[in-house]
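Here's a walk through some side-chain contacts and surfaces worth a look. Have the viewer open as you read.

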Amino acid sequence: MNSRVISGKYLLFMFALGSVSLWLVEVFFEFIWFNPNSDSFVSLVFPVDDPKELFSRFVLVSSLLLSGAVVSYLYDKQASSGRRACESEQKLKTIFNSIGDAVIATDAAGMVTRMNPVAEQLTGWTVQEANGLALTEVFKIINSATQHPIVNPVDKVLKSRAVVGLANHTTLISRTGERFQIADSAAPVFDDTGEMSGTVLVFRDVSDEYRQQEELRKLQNYLSNIIDSMPSILVGVDAEGLVTQWNMTAEKVTGVPADAAQGKALSSVFPRMASEMEKIKESIKTRTPRSEERQSRQDEKGVCYEDVTIYPLIANGVEGAVIQIDDVTERCNLEQMMIQTEKMMSVGGLAAGMAHEINNPLAAISGNSQNILNRIYKDLDNNRRTAEECNVDLENMRDYLSRREIPRMLNGISDSCNRAATIVSNMLRFSRKSKREFSGCNLAELMNSTLELAANDYDLKREYDFRKIDIIKEYSPDLSEVVCEENEIQQVFLNLLKNGAQAMMEKDYVDGSPCFVIRLKKEGGMAVVEVEDNGPGMSEDVRKRVFEPFFSTKNVGQGTGLGLSVSYFIITDQHNGFMEVDSVPGSWTRFGIKIPVSGQEA
């Protein structure tokens, strides 16, 4: 700085020296050439006797000194401006090179004019190499996802004259081929007149952050997929009861999309959980999980059961809870079915045991009644000989017994024993475990046997007796043996007969009485069985769902809702057949079964 100031004073000194020199030169020439009076040199230097001459010299010297002063001042000012400009340039360069982000400056044509070291490092170009090149040659960017080139942001700035941000997922390809994930923006630079003189592009390497965000996004998607894939309803709420998480099952059950549920009160988007809000808040407050099993509710499908579990969030200072709701209706129905099955197995075992035990006394009663008839009414030598030994007239005794209707009573005992034996035989055959052996079966005989078995069905509570139902049989003679699993088909027949009988007992008959019409016929290669009753029929909604598992129109505890479902499975899956139902509400219901005669699908 001092050298610059001294240089200005030195210039002023030179002007002063020049002024003195000019004064002395003039005096010298005047002393030599214009000195008629031979004045001394000293008197000519200061011509006090000639005021005009002295004044002229003083004006000339003063003008020179004033000019020197002005020139010296202007020189100092220019030197100071140059110095400040140099210092500013150096300071700007230092700041520019010290910026942690990469910075590239261009002129109004998009040519590179300046780059900082970070930009040099990321692009692979030095400022000397890049200076004057188009930015698109130095700064090559593509979309990370599509790998397609992206429009250079500086081009957008030059067109829009506004700040432009880089698109997400932007990758910079350096001169060496190395790739960096970058972010930030480009902005225009305006001069004092408001004209755009260039642009400045600021960007930074966010590869690590991008990689972390991608891993976090993948983890979030993974966790979201896990949550959405769960069959349970999963709902997250904060301490105020506002929804923070809403999985796909919750969407399906409530019909409310996740984005619509976010931030809403749980009671407004999931009304049936309104009664649980106090429990949820209490669980959050005490940080204690709560669980309530088999909560029952009624919907259009009937009674449903749910397990509701509340898990409070207790980590990282987050207040809230996750509610898990599991539909356990099927499990509850299955448990009830298993209980009912165990009961039926117990009853079946008891019935089989009783049947075996009843067989013995039945055989004794039947045999003894037949022996009585033989020993009284048959002409046997032993009968005559014993009567003579007892002095009894055999004919008179026979006449007496006939008049007292003893033979009719003995025949009634025999008939009853035979009927009981048939019932026991049917019970044993039906309770016997099926070995799933397909064999030829006469459907007419099997249906008759099933009717005899069903005839023993009497319900004191419902006050109905199967034997009071009229049976109309329409058996076609062209239906021969059908290859099937006899026990399973009998199970289907018995289920249809019992369901129909129970339904008919619920109808008040003004004209006529309960009646079954049973048809057996053959259509092509299929055996057709129709069981029609004149009961109350069923609505269209019931008819569509009658074969669904666990669907029942009976009161709770009066059925598992599996009878027709199992029958449908036996016919369609096990016998490659068809099963359907038609009905007119208030008039009749007809179940139709078709199974291949040969046991193979027709």
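## Salt bridges

Let's start with the charged side chains: this predicted model holds 19 salt bridges. One of them joins Asp379 to Arg398, with the closest N and O atoms 3.1 Å apart. Asp379 sits in the loop between helix H13 (329–377) and helix H14 (381–389), while Arg398 is in helix H15 (residues 394–403), so the pair ties together parts that are 19 residues apart in sequence.

Asp399 is partly exposed at 37% relative accessible area, and Arg403 counts as exposed at 69%.

## A charged network

Now for the strands. Glu523 pairs with Lys594 in a salt bridge whose closest N and O atoms are 3.6 Å apart. Since Glu523 belongs to strand S18 (residues 515–523) and Lys594 to strand S21 (residues 588–596), the pair ties together parts that are 71 residues apart in sequence. Glu523 counts as partly exposed at 38%, and so does Lys594 at 32%. Both belong to a network of salt bridges that also links Glu474, Arg519, Lys521, Glu530, Glu532 and Arg590.

## Aromatic rings

How many aromatic pairs turn up in a search of the whole structure? Two. Phe139 and Phe203 have ring centres 4.9 Å apart and planes at 50 degrees, so this pair is tilted. Phe139 lies in the loop between helix H6 (135–138) and strand S3 (140–143) and Phe203 in strand S7 (residues 196–205), so parts 64 residues apart in sequence are tied together. Phe139 and Phe203 are buried.

Trp246 and Phe270 make an edge-to-face pair, 6.1 Å centre to centre with 75 degrees between the planes. Trp246 is in strand S9 (residues 243–246) and Phe270 in the loop between helix H11 (266–269) and H12, 24 residues apart. Trp246 and Phe270 are buried too. Elsewhere, Arg175 lies over the face of Trp125, at 3.9 Å from the ring centre.

## Two sides of H12

Which residues of helix H12 (residues 277–286) are buried? They are Met277, Ile280, Ser283 and Ile284. These cover an arc of only 125 degrees around the axis, which puts them on the same side of H12. Glu278 and Lys285, on the other side, are exposed. After H12 comes Arg287, with a positive phi near 55 degrees.

Definitions and conventions: Residues are numbered from 1 along each chain as its sequence is written. This is a predicted model: local features need pLDDT of at least 70, side-chain atom pairs count only at pLDDT 80 or more; totals for chains, interfaces and linings use all residues. Side-chain values use heavy atoms; hydrogens and water are left out. Buried means under 20% relative accessible area, exposed over 50%, partly exposed in between (1.4 Å probe, protein chains only). Helices (H or I, at least four residues) and strands (E, at least two) are DSSP runs, numbered from the N terminus. The arc is that of the directions from the helix axis to the C-beta atoms. Rings of Phe, Tyr and Trp (its six-membered ring) pair if their centres lie within 6.5 Å; planes under 30 degrees apart count as stacked, over 60 as edge-to-face and the rest as tilted. A charge sits over a ring if NZ of Lys or CZ of Arg is within 6 Å of the ring centre and within 35 degrees of the ring normal. A salt bridge is a side-chain nitrogen of Lys or Arg within 4 Å of a carboxyl oxygen of Asp or Glu.
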